[in-house]
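Try each task before reading its solution.

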Amino acid sequence: MSAAPAEILSLRRFGDDQIVTLAKLVIETAFQPIAEAATGTVFGYESLMRGFQKLGFASPLELLDKAEEEGQLLALEHMINSRAVAGFATLPDHSARTLFLNFDSRLVGGEGDIVERLVNHLKRANIAPSALCFELSERFDGGKIPDFSALVRDLRLAGFKLAIDDFGAGFNGLKLLCDQPVDYVKIDRHFVSGIEADARKRHLVRHTVNTAHVLGTRVIAEGVETEAEFLTCRDLGCDLVQGYYVARPTTHLSELLPAYPHLDHSVASRRSSSSLDGILIRKQIEQLPTVRESDELDSVFDLFRRNPRQGFFPVLNANGEPRGILHEYHVKELIYHPFGRDLLKNRIYQRRISHFASPAPIADLDTPADEMLKIFAGMDGSDCLILTENMRYAGTLSASSLLKIINEKQLKMAQEQNPLTGLPGNRAIRDYVQDAILDGDHARYFCYCDFDDFKPFNDTYGFQKGDLAITLFAALLRRHFIGEEKFLGHVGGDDFFVGVSGCSVEELEAVLNRLLDDFRSDVGQLYSPEHQAEGRISGYGRDGSAKDFPLMRCSIAVLGLPEGFVFSDAQAVSARIAEIKSRAKASDTGLVMDALGG
């Protein structure tokens, strides 16, 4: 809401050349939390400007534009950032958090050393440079500013972190990501709004996440306002989230929380250390010694000497986040040159580890192994994949370790295939369902197949004919369901699973009815002529009582998830299917189809 006209006029009568003076009276700093998508723990805060309306401006950008026009932009930015840093320093947990500040690229090349001024201000506040992240806006084309790349390099070497703000909304975000070693990409609200129901947005965000991770960059989803948007962004691999669904900006810093539990309610559904991938990855992870980017180069020499077979070490910032790797050949000349140490002691040289660190692909510890391999392969010549847990360094994986994980996974999956049918077992089925409920790009259908009156048949004709009925049904499944969008699994005994995506309800129903008709006809041939003629068989029920049973058939319970619907609770899916199964068994046709979220 804009301030009253009289109030605006009373401020403006001092003149536009007094913008900074007036801003000091009315501008306030608000912090908006940025939380870890996987845990709900606060990672940091974005500093936002409040009170600009009282100066007669409709947005912070209008105020900044006016300040730039009047030659007061540097002073205004310094005042705003100084207040933000001072507020950040009052937070009890600031040493474990990151403050995100907007950086106006029009300041580049102007008077005054921006980096030196920032570093000195932080020293007075006793805050490490790695606690600050500067957001580079797509609003201005940094490529047209001659000193821009040099400034980015200086900021990074000083220990500051960098983010691309409003990624995708401007004209040079992809260029920035390509040319500059940024730490974070903030996906613009346009791509987050309604993402759960928009396959095009999900496709773009998924590929942005994958590209960023290959480059060692983390992804922040901006403007997350609903639970559905949060769940979708999280499940597409976004590392951090920001928006009204997390928390609104506040000028009352005492209202800020260390974590937001409402983000954590469905985290248990994600892949965890108990999954096959998680177990195999944790067996192979290597805990290499690390170095800090702010350390002097001299400190790493002995590390290489003590570890002669290790050619590189991960580089971390003061918060424990990976910043790349330091390879031996980057500093080889200094290590082995007779005057290398003397050169390092020269104040003019002033080189630290940060000057020699190079990017490395990065992945969360709970990322599926197949995705890790894609991330690693996406950056040619990389020495390792850096793994993180809750955004902090957790270890590394080499190319040989990744290949070993993939091979062990394939071997384990082969061992878990049902020996009778050769179909994947329960673990593979669970992984398929978990992945499918999180992927709303297509309609998905989970079909649970169960034989009716199989026990009396098995008791009468023996387990060999029972096994024959089971292999018969598996063969029918393979005949009716062909293609990559189909998944066939054997739960065990006479229970089967079929996963289908991308088809219509009518198409699936037609295929399942043909499957049921073929099975009823083919399995009937396994009965004796007498039982076929009578259409029933005598036997004992599960309660031990003798009675007649109809000839065997299959019942199928189908649960559909429509396109655009993303769900995280696999247990709720199982409970819903169990209810549909009982209805299918009681039905005349043996087929009942239901939907979740339709």
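Two exercises follow, each with a worked solution.

A word on conventions: this is a predicted model, in which local features need pLDDT of at least 70, side-chain atom pairs count only at pLDDT 80 or more, and totals for chains, interfaces and linings use all residues. Residues are numbered from 1 along each chain as its sequence is written, and side-chain values use heavy atoms, with hydrogens and water left out.

**Exercise 1.** Describe the surroundings of Lys201.

*Solution.* 
- Step 1: locate the residue. Lys201 belongs to helix H9, residues 199-214 (helices are DSSP runs of H or I, at least four residues, numbered from the N terminus).
- Step 2: Lys201 is buried because its relative accessible area is 15%, and buried means under 20% (1.4 Å probe, protein chains only).
- Step 3: list the neighbours. Leaving aside residues up to four places away in sequence, Lys201 touches His190, Phe191, Ser193 and Ile195; contact means heavy atoms within 4.5 Å.
- Step 4: look at the side chain. It comes to 3.0 Å from the backbone oxygen of His190.
- Step 5: look further along the sequence. Asp441 is 240 residues from Lys201, yet their C-alpha atoms are 9.9 Å apart in space.

**Exercise 2.** Which residues of helix H2 are buried, and how are they arranged around its axis?

*Solution.* 
- Step 1: pick them out. Within H2 (residues 19-26), the buried residues are Ile19, Val20, Leu22, Ala23 and Val26.
- Step 2: view down the axis. These buried residues fall within an arc of 160°, so they line one face of H2; the arc is that of the directions from the helix axis to the C-beta atoms.

Key: Helices (H or I, at least four residues) and strands (E, at least two) are DSSP runs, numbered from the N terminus. Buried means under 20% relative accessible area, exposed over 50%, partly exposed in between (1.4 Å probe, protein chains only). A polar contact is a pair of N or O atoms within 3.5 Å; within protein, one must be able to donate a hydrogen and the other to accept it, and residues adjacent in sequence count only if both atoms are side-chain atoms.
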